[in-house]
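Try each task on your own before reading its solution.

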Amino acid sequence: MHIFSILGFLSLLATSAVLLFAFVRAHRTIRDLAEQLTQAREQQHQHSLQLSQRSELDTLKDEFISTVSHELRTPLTSIRGALGLLSSGIIGDVDAKALNLLRIAVTNTDRLIRLINDILDLERMESGRAPLQIRRCSLRDLAQQAIDTMTPMADANTVHLALEPSTVAQAAYPEALFFDGDADRILQVLTNLLSNAIKFSPPGTEIHLRSRRIDANEAEIQVRDQGRGIPADKLESIFERFHQVDASDSRAMGGTGLGLAICRSIIAQHGGRIWATSIPTKGSTFHFTLPAVPTEISVPMVCPAFPTCSC
Ligand code: ADP
């Protein structure tokens with residue numbers, strides 16, 4: 001009996017020791033966790049502080065860009081007007097040497113005005129101060145409008161613009177590609193892509209504009225050229241601000257380096273995607289998608305009264 005009491009006491013002692021050990025460990029773990037929680041809270045506090053500082057800085061930067069751009073645009077427009085008057089000869093005869101200098105001044109002033117307009121455009125879109133004017137639009141009509149707008153530039157570069165006919169799948173309702181969006185903005189995307197295609201195409205080549213329905217909800221538009229193409233490692237970066245395939249492209253082609261960034265912003269606002277594919281030296285294709293809506297052209301139905309009637 002005595003030995004059982006001793007054994008019972010010993011096992012009680014061992015259990016208490018195990019429990020004490022577990023308690024000490026749990027206590028230590030809880031203390032560590034509490035420390036980690038305090039650290040995590042501190043880090044979160046620092047992050048939110050940094051975020052709010054960053055957003056304040058972003059707002060200040062946007063306001064600064066906007067103010068500087070507006071302040072620059074007004075005097076630049078008047079300089080451009082004066083240069084235009086001088087070079088037109090209305091004010092008096094200008095000799096050939098001066099005329100050449102005036103021509104350079106006009107080209108550079110135009111480029112600066114374009115750059116400022118693009119910066120303001122992008123800034124307005126990204127700050128949400130340029131809401132879309134949404135209405136139902138025909139992609140086909142916009143494509144035709146873009147071709148008409150860009151034909152003089154294409155003619156000057158002896159490049160041919162072609163609007164491809166609808167695919168066989170759309171043959172039943174060939175012009176039936178509609179979307180809800182801002183027609184002016186989509187036209188801006190189309191003309192920018194066509195203008196780039198013209199700039200980078202050799203004379204005598206063709207540029208094709210094609211629209212097709214991918215599925216019930218999405219339409220795709222393609223602008224395909226036979227120009228110099230774009231290297232694979234630049235296909236994505238050209239959509240970033242001021243990114244060019246070649247650093248001299250902007251100067252040589254009169255661009256601003258903001259056109260594709262603006263296109264991406266407009267297409268994203270419409271819920272679509274934009275990207276480029278290319279075979280270097282053979283040409284590039286710019287693709288963008290838009291959420292399509294059911295066709296507006298009424299589906300030809302068989303008259304219920306007279307099945308052979310074509311009313
Ligand atoms: P930019 O005003 O300089 O044309 P974009 O943002 O429209 O600015 O285009 C950025 C760059 O992408 C161009 O400078 C050029 O290097 C390249 N790029 C755009 N379109 C084409 C094209 N169709 N073929 C070859 N390169 C192109």
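**Exercise 1: The order of the elements**

From the N terminus on, the elements of the protein chain follow the order α-α-β-α-β-β-α-β-β-α-α-β-β, in what is a predicted model.

Task: State how many helices and how many strands the protein chain has, and then find what share of its residues counts as buried.

**Exercise 2: The largest nonpolar core**

Task: Determine which residues of the largest nonpolar core touch the most other members, and which element gives the largest share of this core.

Solution: The core holds 46 residues, and those that touch the most other members are Ile186, Leu193 and Phe288. Two or more residues come from each of helices H2 (96-126), H3 (139-156), H4 (183-199) and H6 (259-269), and likewise from each of strands E4 (206-213), E5 (218-224), E6 (274-279) and E7 (283-293). Among these contributors, H4 provides the largest share, with nine residues. To see one member at work, take Ile186, which, leaving aside residues up to four places away in sequence, touches Leu142, Phe179, Ile266, Ile267, His270, Phe288 and Leu290.

**Exercise 3: The second largest pocket**

Task: Describe the lining of the second largest pocket by element and by residue class.

Solution: Begin with the volume of this pocket, which is about 210 Å³. Its lining consists of Lys61, Asp62, Ile65, Ile119, Leu122, Glu123, Glu126, Ser127, Arg241, Phe242 and Leu258. Helix H1 (2-88) and H2 each supply at least two of the lining residues, and H2 gives the most, namely four. Sorted by class, the lining has five nonpolar residues, one polar residue and five charged residues.

**Exercise 4: Confidence along the chain**

Task: Find where confidence is lowest and where it is highest among the elements, and decide how residues 296-311 should be read.

Solution: The protein chain averages a pLDDT of 85, and 88% of the residues score at least 70. Among the elements, helix H5 (residues 249-253) has the lowest mean, 65, whereas E6 has the highest, 96. Over residues 296-311 pLDDT stays under 50, and the model has 10 contacts beyond four places in sequence for them. Where pLDDT is low, predicted coordinates should not be read in detail.

Definitions and conventions. Residues numbered from 1 in each chain as written. Predicted model: local features only at pLDDT ≥ 70, side-chain atom pairs only at ≥ 80, totals over all residues. Heavy atoms only, no water. Core = buried A, V, L, I, M, F, W, Y, C linked by side-chain atoms within 4.5 Å. Buried < 20%, exposed > 50% of the residue type's maximum accessible area, 1.4 Å probe, protein only. Contact = heavy atoms within 4.5 Å. 1 Å grid on protein atoms, 1.4 Å probe; cavity = no way out; pocket = protein on both sides within 12 Å on 5 of 7 lines; lining within 4 Å. Points joined across faces, edges and corners; volume = space filled by probe spheres on them. Nonpolar A, V, L, I, M, F, W, Y, C, P; charged D, E, K, R; others polar. pLDDT = per-residue confidence, 0-100.
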